[in-house]
Amino acid sequence: MALLRMKDLTISALEKQKYWETVADNISFDMEEGEILGIVGESGSGKSVTVLSIVGLNNDEIRVDSGSVIFDGEEMLDNTPKDWLNLRGSKISMIFQEPMTSLNPVIKVGAQVEEMLLLHEPETPVASRRARVIEMFDKVGLHHPEEVYDQYPHRLSGGMQQRVMIAMAMICRPKLLIADEPTTALDATVQEQILDLMRRLNQEYGVSILLISHDLRVIHSICSHVLVMKDGKVVETGPIDDVFYHPQDPYTQRLLAAIPRSTKEDFLARKKGLDRTAPVQLTVEKLKKTFLVQGNRLFGKKERRTVFEDVSFSLRKGEFAGLLGESGCGKSTLCKCISGLEQADEGEIVFHAADQDGRKRKISMVFQNPYNSMNPSKRVSWILGEPLVLSKVPREEREKRVREMIVRVGLTEEYLDDRMDQLSGGERQRVAIGLALMEEPDLVILDEPVSALDVTIQAQILALLKELKQDLGLTFLFVSHDKNVIYEICDRIFQMEDGHLHEVKGS
Amino acid sequence: MKYIGKKVLILFATLLVMSFLVFLAFEAVKGDAALSALGDNATPEQIEALREEMGLNQPMTVRYGKWLAGAARGDLGMSTNYSVSVSELMKDKIAVTVHLAVLSLILILFIGLPLGIGTSGIWSAGGDIAVGVFNQIGMAVPPFFLGILITWIFGLLLSWFRPGAYVDLSEDFGRGLGFLVFPALAIALPRAFTLIKFIRDSMAGQKRLNYVRTARSKGNDERRVLYVHMLRNALIPVITFFAMIVAEVFAGSIVIEQVFGIPGIGRLLVVSIANRDFPVILAIVLYIAVIVLTVNAVVDILYHILDPRVMLED
């Protein structure tokens, strides 16, 4: 008898408050007790609505049309609100993609976990609840659990927050843990730790885990079986190794091909062939940056913390450099200093070409999230034309250059009349790249430009960047936490670690 | 502590700049205390003589210097209209306005908070519209009209209080309160309804946030999701709005004090402007500045207490 049996589940979503559209179509699968099952798919594939329907947490704009979900012998779709309350948290619990926003910002994390005991094991004496929480914190690998208990979420790192979420999900010993992209917002090393933890909990407690991810590598590392979803349908299913190494469906094949697999060796080989005769474009000398941090108490003293120091490097014209580092290591702050958005405490930044001519430095940036980094109500032609308006390029010339650029970044002229919010994430990121290139910049800073995108879209954007790098001879600084992506595209790589920068070289 | 020290410093700097600006502004205003004291029938010579006597002919910088020197000693000068010291005059009027303000704020909180929080669980389209319409009416009625309405209903029809017969709280607390509650209601109602809308909007903004989904996934019922998880988060932005109300109410309502005949700061301001009673106007402006800055500092601290993510800036 399977722990969870989904049969022909069909779900619709209300689109534009007018019509219902099928977002999950005849989904069926079985999940055994103690199994780790993966569901992989890109955004819009219907994987989240499918899984949320198991716990009845979809919002009003989602409705289940037909099918059945049997969990632990009971039909979930017949549940009354009261049934749900008894089930959620105690038998089925969840962890989510963004631990930071998934925790209540104004409640101490210990109390948030303790709430689970209050809700589902009210017979636990109040005095021993705290001890239970601290014990659980210890189990999920949080150091100094007593101290963590009294912290607010924002004081913890992303990895610690996700551990708190897992402690919360596991404290009542549920039968099923649903993990919706639990590692997507985390750094690579933290990602592995969290996956390890989930595997360990699975073995120790026998909890079944339903893991949702857009990343087949994540699924591959801990799942035994996998469902591949696309446009609301299951396109392929089977034991993970079969799917991962011998994909049958063309979509699965494409998904696998899109994963950047370049290694350090590939990068070193490319680096050898690099032209080292171009003039130096940018020199950064002994840069140091510190921040004021508020102490713990209301009127507590502030302390100065060093983000990075003694950072020196130079780039030649036409180089495509990568900046690698985990979140919080200071790579974004370094970019802000280089672009002039922030002032460094010490050190020097020289843009040779611009500074010699005495003209303004032209530095453009592409940001991680194409959804909130550009004005959604403006048309593409307006967005691309704006820098030219500011530098008073005549109208005809401007329109010509905008038309050239939209083609350059792989879109067509028809896109020029669209508003930004009509574009998909990949299309927006193309516009963002086009915008960064409009004025022949001295340096283009790409700050995690592909990490918010689906793998297949990511592959397309990387291909575009490779093309631009070859054709334009511009200088790029590509910031990412993903080694594979950096190895795939960069000619030189700098790594930021513990506030210091060093270049990755062949031994 | 450093924070409070800094805020006090800012307060004094602001008072300095504002007092200077008020002096500057009055340079541009036609007419002065001498003119309004003697009336239309006075000869130019008489007016000139009085000006000389009152020191109005001295250059502005000299007058400002004198005023500053006095203010540093706690002497804000004499009212040119009432011939009493400004501090003496202000003391009584501020007390009246503060009584009215405190009572209004209590009413705003007692009406606004429970209704705002209570109705924010109503998210069905129909309930939303019903609450919305009721709310819009409450917000849209202008205070002076509400004041007249209350006077008519409770004063004239029901005779619960005597319109215009202000009783000071220090004379007779019970009767004073019985009178004051009606103007306070006129001040409170529109603001209470705005507060309701604000709380509802803020709550609605919370309901799609991830932590609310987490709260549901833990097995919380809707009541607990609302009161334990969302409320404190939703109240954070409401504080700023409430602080605006506090500052506004303490500054004295010119209209309501006029309609109900209450001898508070608002009425004093109107009379003083008409009579070009410059020292009094200046004192009132500074009083309002002190209120606004104090309220803002308190809000900063409240923010920090309610939202652990917010740091106190200095």
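## Polar links between the two domains of chain B

Between domain 1 of chain B and domain 2 of chain B there is one residue pair in polar contact, with both residues at pLDDT 80 or more. A polar contact here is a pair of N or O atoms within 3.5 Å; within protein, one must be able to donate a hydrogen and the other to accept it, and residues adjacent in sequence count only if both atoms are side-chain atoms. The rule also finds one salt bridge across this interface, a salt bridge being a side-chain nitrogen of Lys or Arg within 4 Å of a carboxyl oxygen of Asp or Glu. B:K7 and B:D300 form a salt bridge, with 3.3 Å from N to O.

This is a predicted model, in which local features need pLDDT of at least 70 and side-chain atom pairs count only at pLDDT 80 or more, while totals for chains, interfaces and linings use all residues. Residues are numbered from 1 along each chain as its sequence is written, chains are lettered from A and ligands numbered from 1 in the order in which they are written, and side-chain values use heavy atoms, with hydrogens and water left out.

## How the domains meet

Domain 1 of chain B covers 2–72 and domain 2 covers 94–306, with bounds from an automatic or database domain assignment. Their centres, taken over C-alpha atoms, lie 34 Å apart. Contact (heavy atoms within 4.5 Å) takes in 17 residues from domain 1 of chain B and 13 residues from domain 2 of chain B.

Together the two domains bury about 1400 Å², 82% of it on carbon and sulfur atoms. Buried area is the accessible area (1.4 Å probe) that two parts lose on being put together, summed over both.

## Where chain B meets chain A

Now let us turn to the other chain. Here 29 residues of chain B touch 32 residues of chain A, and the two chains bury about 2700 Å² between them, 59% of it on carbon and sulfur atoms.

Three salt bridges are found across this interface. B:R224 makes a salt bridge with A:E115, their closest N and O atoms being 2.6 Å apart. On the side of chain B that touches chain A, the residues divide into 11 nonpolar, eight polar and 10 charged. In this grouping, Ala, Val, Leu, Ile, Met, Phe, Trp, Tyr, Cys and Pro count as nonpolar, Asp, Glu, Lys and Arg as charged, and the others, Gly among them, as polar.
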